[in-house]
Amino acid sequence: MSSHLGQWKTIGPKFNALPVHTALLHTGKVLAFGGSGNEPGRLNNWYEPEIYEPDYTGSTDGTIRKISNDGIEGDLFCVGHAYLPDGKLFLAGGTYLYDGLGIVTAPFPPFWGLDHTYTFDPDTEKFTRLPNMRYGRWYPTCVTMGDGKIATFAGLSKWPPWVWQPVNEIYDEQNNSWQKIEGGNNLMPLYPRMHLLPNGDLFYAGSYNTHMTFPFSRWGFKIATFSFVEKKWKHLEHPKDMHRQEGSTVLLPLVKSKNYLAEVILIGGGDMNAHATRTCEKISFKSGTKQKYIPTKSMDNDRYYVYPVILPDRNILVVGGKSGHNSHSIKHKCEEIAPEEIKHNDKAILDTELYNTETEEWSKLEPMKVDRLYHANAILLPDGKVMTMGSNPTRKCVEKRIEIFSPPYLFAGDRPVIDDVKSVLKYEESFEIQMHDGTEILDTALIRPSNTTHCLNPEQRYIEIDTVQNGDKISSKIPKNENLVPPGYYMLFVRNHSGVPCIAPFVRITH
Ligand SMILES: [Cu+2]
């Protein structure tokens, strides 16, 4: 393990608008969009989506360009998203009306959800409208299932009195239609942190978004698993600390030595009634044992807003957030140093922290330079670097700078290089990775690209696969279980014995 602390770089290109939603596409480019971008006056006058094109040769900072809003017929601010098996980004929900624009708001939460759904095609860079959902959804969570359907949960609806409604829906691309999830009714918080477990159950992991969940947050949202076979929810014990608003969760790397045991870590968060926390808890889905959260080591910083990223070395990088009490509604002065650069807030956390999933210890890496508070994002790029963007501490305050982190493993020597690999692979298919040379390979893994917003990243997952090396060839195999590796595009990472990852090619896993 290198003692290097990694390195942040504020890159030259900046976004034009607030990147509320970001997605790494299988073209290696990053889509960023935010519709009206948290500006009520822009409800029908959306910012154009943008594409960041990294330069994977490393010689430049890459480029940013705007793309067209063509095909979009509603405000995508606060939509939910997930990848379809063919790599298109699927979008459901958004903003129908802003707070203050509705006829009746109190005692209901103020935003009104949109019922639209769309796809975004990374190859043509175009949006296409799909059938509406039954309900509008503002802050819904979408998750791609093993069969390629997209389960969609929660969100504020379009009309009262169903502003909080318990019906959850699932989209089936085969017949281009929405169905209610049978037995799936459940009153859930906004942007519930959901994870698909290898046994096919969906887990609501106990963290969520916004100060607008009062009064439900008083007694806590029950963490639970949903079984599509039994068609019912099973409630689990509350975590020790339930004030996990604006915290985050990660499905920890699924590795062969643990027989792909599912474990989820719950990181940080806070509440309108509580101080931001640095505590973390972990739950394991080992069969035959009671499933409950057990406190694990704390971070060094309290964090309200948590942006966690799974790295190819199986560790979890955490950036962003702020400490203090009542963190969302603080009287945050929007002090701009330039129109697109916001002055550091003394409660913002710049420390980069790393959770070692083996030892369960936290350590600190080089701190970043730009605050990442509300409406920020962090994602892993195929070159093993981490991109952070956004931040919107007040409605008028928009951070447009991008910072990119090179983790310590990029300072540990040369990368292994993949010369060739099949681009479409089936479940249970054995395949070969042609390496550039015979450098010894430590491990091979699939990492699903992130599409993320609001500290929510349900699709982020790491699955180790076989590594049998013979000279410059690696033999590997795609697992059989579609709930372990839901269909779609993955980054294929190999690491050498110094722990350095390759620049990952995208492979598509299909039925
Ligand atoms: Cu928001």
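**Entry 1: Cys 455**

I started at Cys 455, which is buried because its relative accessible area is 2%, under the 20% cut-off. I am working from a predicted model. I placed Cys 455 in the loop between β36 (451-452) and β37 (462-465). I then looked up its backbone. Phi of Cys 455 is near 60°, a positive value in a residue other than glycine. I noted this because most residues other than glycine have a negative phi.

**Entry 2: Asn 176**

Asn 176 sits in the loop between β13 (169-172) and β14 (177-180). Is Asn 176 buried or partly exposed? I read a relative accessible area of 36%, so Asn 176 is partly exposed.

**Entry 3: the copper ion**

Next I went to the metal. Which residues coordinate the copper ion? I found Tyr 139 and Tyr 374, each through OH, and His 375 and His 454, each through NE2. The distances run from 1.9 to 2.3 Å. Along the chain, I read the donor spacing as Y-x234-Y-H-x78-H. Tyr 139 and His 375 link distant parts of the chain, 236 residues apart. I traced Tyr 139 to the loop between β10 (126-130) and β11 (141-144). I traced His 375 to the loop between β28 (362-365) and β29 (376-380).

The four donor atoms subtend 67 to 170° around the copper ion, so the arrangement is irregular. A tetrahedral call would need all angles between 85 and 135 degrees.

**Entry 4: cavities**

I then turned to the cavities. The search of the whole structure gave six of 30 Å³ or more.

I counted 10 lining residues, with Gly 206, Tyr 208, Gly 220, Phe 221 and Met 242 nearest its centre. Its lining divides into six nonpolar, four polar and no charged residues.

β23 (307-310) and β29 each supply at least two lining residues. By class I noted five nonpolar, four polar and no charged residues.

Where does the second largest cavity lie? Domain 1 (7-410) and domain 2 (416-510) both give residues to its lining, so this cavity lies between them.

Key
Residues are numbered from 1 along each chain as its sequence is written. This is a predicted model: local features need pLDDT of at least 70, side-chain atom pairs count only at pLDDT 80 or more; totals for chains, interfaces and linings use all residues. Side-chain values use heavy atoms; hydrogens and water are left out. Donors are N, O and S atoms within 2.8 Å of the metal (3.2 Å for Na, K and Ca); water is not among the atoms, so sites may look incomplete. Four donors count as tetrahedral if all angles lie between 85 and 135 degrees; four count as square planar and six as octahedral if opposite donors are over 155 degrees apart and all others between 65 and 115; anything else is irregular. Helices (H or I, at least four residues) and strands (E, at least two) are DSSP runs, numbered from the N terminus. On a 1 Å grid over the protein atoms alone, a cavity is a set of points where a 1.4 Å probe fits but cannot get out, and a pocket is an open set with protein on both sides within 12 Å along at least five of seven lines; lining residues have an atom within 4 Å of a point. Grid points are joined across faces, edges and corners, and a volume is the space filled by probe spheres set on the points. Ala, Val, Leu, Ile, Met, Phe, Trp, Tyr, Cys and Pro count as nonpolar, Asp, Glu, Lys and Arg as charged, and the others, Gly among them, as polar. Domain bounds come from an automatic or database domain assignment. Buried means under 20% relative accessible area, exposed over 50%, partly exposed in between (1.4 Å probe, protein chains only).
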